[in-house]
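The following report describes a protein model, beginning with a feature of its surface and then turning to the chain as a whole.

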Amino acid sequence: MKWDALEEEPCSLARTVAVIGDRWSLLILRECFLRIRRFDDFQASLGITRHLLADRLKKLVRFGVLRKIPYQESPKRYEYILTQKGLDLYPVIMSIVHWGDTHMVDARGRPMLHEHKNCHKMFDPVMVCSECGEPLSAKAVHVHRGPGARQSSPVHAKAQERGKRVAEPG
C-alpha cells in the first residue's frame, strides 16, 4: 500500500484514511460539527499554522467533504460548510469522541456532553445493526468480501481461516 495513493486502494478504510486520516483533518471536522466555519476561527481554535490549515481545507473541499461559500468580496473570504458527504462523517467523529470519553478522560470528566435535541437527554453514541437494531461489537461481526474487493492476500486468507476455527462467544 502506498501512503500517497490510499484513495485508489480497494479498501473503504484506506480510502477514508486518505481523506480524514491525519490529526488536523479530524480536528477541523470536529470544529465544523461545533459550527466553526471561517478560516481565522479554525486557526484561532486549533492553533494550526495558516499553511497547514489551508492545505487541509483544500483537501477536504477537493474530496467533497466541505464546500467553500464566499461571505466577503474584498478581500475574498470563505466559509467552509459540511456537505452531505461531510455530515455523513458524524458517526465516525462521535465514535472517536466516545472512545476518548471512555479511555482518555481524566479526573475532571468528559470535556463535552452531547444532548439529543429530540428527547433532551445526554447520550453516548452506540453502533447498532441496521437490520435488527442490536448493538454491535467486533466479536459479533463476520466480514465477507464484497464485489469491490481485490483477490484476498495470503495474510488475510490465513487470518480468516484462523477466525473460523475460534469458538464464537456465547
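In this predicted model, the side chains of M127, L136, V141 and V143 make a nonpolar surface patch of about 370 Å². One of these residues, L136, lies in the loop between helix 6 (90–103) and helix 7 (154–165). L136 has a relative accessibility of 33% and therefore counts as partly exposed, because that class covers values between the 20% limit for buried residues and the 50% limit for exposed ones.

The protein chain holds seven helices and two strands, and, read from the N terminus, its elements follow the order α-α-α-α-β-β-α-α-α. Of the 170 residues in the protein chain, 23% are buried. The accessible surface of the chain amounts to about 13000 Å², and carbon and sulfur atoms account for 56% of that area. When contacts in the protein chain between residues at least 6 apart in sequence are considered, 39% of them join residues at least 24 apart.

A search of the whole structure for disulfides finds zero.

| Residue | Relative accessible area | Class |
|---|---|---|
| C11 | 30% | partly exposed |
| C119 | 40% | partly exposed |
| L136 | 33% | partly exposed |

How many disulfides does a search of the whole structure find? The number is zero, while C11 is partly exposed at 30% and C119 is partly exposed at 40%.

Definitions and conventions:
Residues numbered from 1 in each chain as written. Predicted model: local features only at pLDDT ≥ 70, side-chain atom pairs only at ≥ 80, totals over all residues. Heavy atoms only, no water. Helix = DSSP H or I, 4+ residues; strand = E, 2+ residues; numbered from the N terminus. Buried < 20%, exposed > 50% of the residue type's maximum accessible area, 1.4 Å probe, protein only. Contact = heavy atoms within 4.5 Å. Areas by Shrake-Rupley, 256 points an atom, 1.4 Å probe, with all protein chains shown as cover. Disulfide = S-S within 2.5 Å. Patch = residues over 30% accessible without salt bridge, like charges linked within 9 Å, V, L, I, M, F, W, Y side chains within 5 Å. Salt bridge = Lys/Arg side-chain N within 4 Å of Asp/Glu carboxyl O.
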